[in-house]
Amino acid sequence: MVFRKLPGVSASGMGLRLSQKFVFLLFLSGLVTLCFGALFFLPDSVRLKRIFLSKTEVQPVTVGSGSENDVREHLKRPKEPEHTRGMTPGKGETKSRKPSVSNEATEERMAGGKAQEDLTLSRSKADSLMERVSDADHDANSDTFNFKKFQGCLLKPALGRDSGSTADPKNNDRREKVKEMMKFAWDNYKRYAWGKNELRPLTKNGHLGNMFGGLRGASIVDSLDTLYIMGLMDEYNDAKEWVQTSLDLNSNGEASLFEVNIRYVGGLLSAYYLTGEEFFRNKAVELGEKLLPAFNTPTGIPRGVINLGSGTSWSWGWASAGSSILAEFGTLHLEFVHLTELSNNPVFKEKVMSIRKLLNKIEKPHGLYPNFLSPVSGNWVQHHVSIGGLGDSFYEYLIKSYLMSDKTDEEAKKMYYSALEAIEANLVQKSPGGLTYMAEWRGGILDHKMGHLACFSGGMIGIGADDGAPEKRQHYLDLAAEITHTCHESYTRSTTRLGPEAFRFDSGAEATATRLSDRYYILRPEVIESYMYMWRLTHDPKYRDWGWEAVEALEQHCRVESGFSGIRDVYALTASHDNMQQSFFLSETLKYLYLLFSDDDLLSLEDWVFNTEAHPLPIIRKSCLQDEITEEKTVSE
């Protein structure tokens with residue numbers, strides 16, 4: 001064969017034998033194949049893909065940041081400046097935040113743990129695909145959930161005998177007032193922010209935020225059940241139509257696993273159980289599937305952030321040593337159990353049961369559950385314990401898992417009462433003025449602070465009182481009442497009669513915020529939530545009176561021309577508004593107020609538990625559902 005001579009190359013150098021050329025070409029093609037194989041099949045290769053792929057195909061992912069003190073769990077705390085609950089103070093815009101960092105920077109900062117995590121992530125897409133195939137197989141081979149059978153297992157109609165109306169005209173007037181507040185908030189959201197996640201009532205525009213991975217309409221999904229139980233049917237039908245036609249689950253952005261689960265999955269589940277509309281169920285299951293790759297870790301403990309499009313997951317940038325947060329991975333059980341019920345796919349329940357299995361196995365300091373756990377090693381990262389932000393709804397979901405199982409989940413019951421015993425021994429304190437409160441625990445040192453988020457615990461301890469040891473039942477109910485009283489005091493001791501984000505019991509202060517950064521109120525529900533539960537458990541009229549005080553304060557200080565807004569300082573005579581109508585105000589605060597002034601048979605606690613976003617989920621009565629199936633088979637034969 002004749003070769004064209006190249007400059008600077010001798011003729012002898014060009015005279016390669018055929019076998020040598022073949023070996024050289026084979027080596028070269030193998031090298032190219034190896035490079036591109038690594039590019040497209042190795043996990044988390046965002047930096048390499050950026051080199052070869054267009055910007056429209058791969059989007060850089062950012063990780064939210066903040067501090068471990070500023071985060072909710074329940075993280076019901078909004079992220080500055082977007083005011084979403086998951087991250088940080090800012091509501092009063094008094095604390096600075098670390099700038100968001102790219103996924104590339106996060107990879108470099110967390111390089112130590114990333115090598116182990118990459119091995120697990122390499123399986124995530126395959127695992128996710130297998131789970132979807134499994135889901136399809138179950139759908140093909142199992143009976144689908146029968147809504148009529150479910151309704152037959154309720155002890156009372158979901159909406160009660162008369163839609164929750166009471167015999168007391170004064171109380172009914174209060175109930176109608178709350179309904180008017182809901183309609184006012186909804187109408188302004190629809191007018192100025194329709195399809196966005198939340199309303200900015202002062203500037204009269206919508207807000208998307210970055211907690212939902214590109215999902216939209218958080219206020220719509222969060223409001224479905226509230227509108228329905230209040231009988232606001234025109235508004236409900238508008239919301240239903242939007243979900244059916246415009247809720248696009250094919251987003252491709254970073255999402256909080258926790259927030260998407262409690263708001264979107266929880267909202268869709270409750271809408272289905274109240275109405276029987278199949279598309280609510282289908283969307284809930286589809287969205288649940290998109291969350292499954294977050295569990296692909298060495299321990300099965302999910303990471304806090306997930307890209308809903310790619311399935312890639314990672315930990316929050318502010319979380320200590322790449323840890324997962326107790327109140328995030330511990331606040332999935334209710335929704336995932338119901339996803340298994342509705343899909344006949346056991347994978348959802350298996351995922352949350354694996355979390356429980358690990359938590360039962362590892363040692364708890366003084367019987368307490370710290371807030372940070374490594375999803376790689378399965379060990380606690382810090383010994384910081386809180387019944388408020390970062391920890392709260394984990395405990396809530398233990399007792400509610402037991403109640404939702406029709407009191408058959410003995411493991412959840414044991415975990416809850418053991419944790420409550422440790423909380424009483426280590427965290428429950430009495431102030432010099434006689435107020436009972438929940439302190440925080442940092443490696444054995446108490447911080448005498450209680451957050452607004454921790455005020456849910458009065459209701460939690462109350463609903464669990466009747467199933468405790470017989471000799472402790474009255475004690476638990478008394479403890480619930482004392483904590484609820486303390487949280488009410490945090491309201492009455494402020495100028496606006498609304499409670500601060502956190503209040504302290506040191507340096508002579510009691511139930512009062514002593515730091516400027518703790519003075520804000522962002523339309524939170526936890527205190528009112530405890531009023532509602534304590535009313536239903538005791539029928540003490542003071543709880544309804546306290547609820548009405550909150551209504552009057554909300555109307556006076558938080559209602560603005562075009563909606564409701566949080567305020568930056570509950571001790572200031574002149575309100576400074578934060579320009580955010582949180583979606584949980586519609587889902588939780590107003591719903592709990594409406595239930596407080598309604599008859600007990602509206603969403604009866606005998607039939608329903610509320611997720612941590614106040615979305616009602618039914619108690620699963622397996623024996624009843626099985627009896628219904630047996631009766632049908634008998635009739636057909």
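**Close-up views of a predicted model**

**View 1. Strands β5 and β6 run antiparallel and are joined by three bridges.** Strand β6 covers residues 305–307; helices (H or I, at least four residues) and strands (E, at least two) are DSSP runs, numbered from the N terminus. Serine 256 has valine 305 in β6 as its bridge partner. Together with β7, these strands form an open antiparallel sheet in the order β5-β6-β7, where two strands pair if DSSP finds at least two bridges between them. β5 (254–256) and β7 (313–314) each have a single partner strand, so one side of each has no neighbour in the sheet.

A word on the source: this is a predicted model, in which local features need pLDDT of at least 70, side-chain atom pairs count only at pLDDT 80 or more, and totals for chains, interfaces and linings use all residues. Residues are numbered from 1 along each chain as its sequence is written, and side-chain values use heavy atoms, with hydrogens and water left out.

**View 2. Here is another open sheet of three strands, in the order β11-β14-β15 with antiparallel pairing.** Its edge strands, β11 (384–385) and β15 (445–447), each pair on one side only. Three bridges link β14 (residues 440–442) with β15. Look for arginine 442, which stands opposite isoleucine 445 in β15.

**View 3. Glutamate 501 and glutamate 526 are among the positions that UniProt (unreviewed entry) lists as "active site".** The record also names Glu259 and Asp392; UniProt positions are given in the numbering used here, feature names are shortened, and annotations may be inferred rather than shown by experiment. Glutamate 501 lies in the loop between α19 (473–492) and β17 (502–504) and is buried, at 2% relative accessible area. Buried means under 20% relative accessible area, exposed over 50%, partly exposed in between (1.4 Å probe, protein chains only).

**View 4. The side chains of glutamate 526 and histidine 452 make a polar contact at 3.0 Å.** Such a contact is a pair of N or O atoms within 3.5 Å; within protein, one must be able to donate a hydrogen and the other to accept it, and residues adjacent in sequence count only if both atoms are side-chain atoms. Glutamate 526 belongs to helix α20 (residues 526–538). With a relative accessibility of 1%, glutamate 526 counts as buried.
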